[in-house]
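Reader: I'd like to go through this one with you and ask what stands behind the terms. Can you put it up?

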Amino acid sequence: MKIDELVFQLQQAESFILAIDGMSTSGKTTLAAQLQEQLGGHVFHMDDFFLPAEKRTPQRLAEPGGNVDYERFLETVLKPLSQKQTVSYQPFDCSVMALDKTVHEISYHPYNIIEGSYALHPELLPYYTHQVVLRIDSKTQLQRLQKRNPKQMNQFIDMWIPLENDYFTYYHIFEKYPVID
């Protein structure tokens, strides 16, 4: 799929909830910002819904896509959006591995973009009107990670990328959804 095709599809919709999933550093946040600039609406980041420390059990982390708090995302974002209600949530703060004290209150808008790895977790799928996946080659991914997060490079290589890859493989993400390379 090409980005202009996606934009055209979204422009034809009276309302949408678009899921943008894909590999780390593949451009999910950038695409979401570009779409928001072109179309308006809200962007919600899956990074705001990583599991707090108390939920990070070995069993949960072994579950494909289990390192995101998809239950909380469903209850605080997708269900309210589907009912045309205000969204209210506390984002996850990586620096303290817990939810931030600040509560985000976001009025309903008919155009909504969900961006981040694990956005296409099966528990969330019924709420999306459109889906797209971004993919890049591993060499480019590592170069971008080195530029963006040099201090966390080993953590990405040893933990985050393998968890993402397990999720992509287990749920056949690149086979089931339109891919933007």
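Reader: Where is aspartate 69 found?

Author: In the loop between helix 3 (58-62) and helix 4 (70-82). Helices here are DSSP runs of H or I with at least four residues, strands are runs of E with at least two, and both are numbered from the N terminus. Keep in mind that this is a predicted model: local features need pLDDT of at least 70 and side-chain atom pairs 80 or more, while totals for chains, interfaces and linings use all residues. Residues are numbered from 1 along each chain as its sequence is written, and side-chain values use heavy atoms, with hydrogens and water left out.

Reader: Why is aspartate 69 called buried?

Author: Its relative accessible area is 1%, and buried means under 20%, with exposed over 50% and partly exposed in between (1.4 Å probe, protein chains only). So aspartate 69 counts as buried.

Reader: What makes the link between aspartate 69 and lysine 55 a polar contact?

Author: Their side chains come to 3.0 Å. The term asks for a pair of N or O atoms within 3.5 Å; within protein, one must be able to donate a hydrogen and the other to accept it, and residues adjacent in sequence count only if both atoms are side-chain atoms.

Reader: What makes strand 1 and strand 7 a pair?

Author: Five bridges join strand 1 (residues 16-22) to strand 7 (residues 111-115), running parallel. Pairing takes at least two bridges found by DSSP, so these strands qualify.
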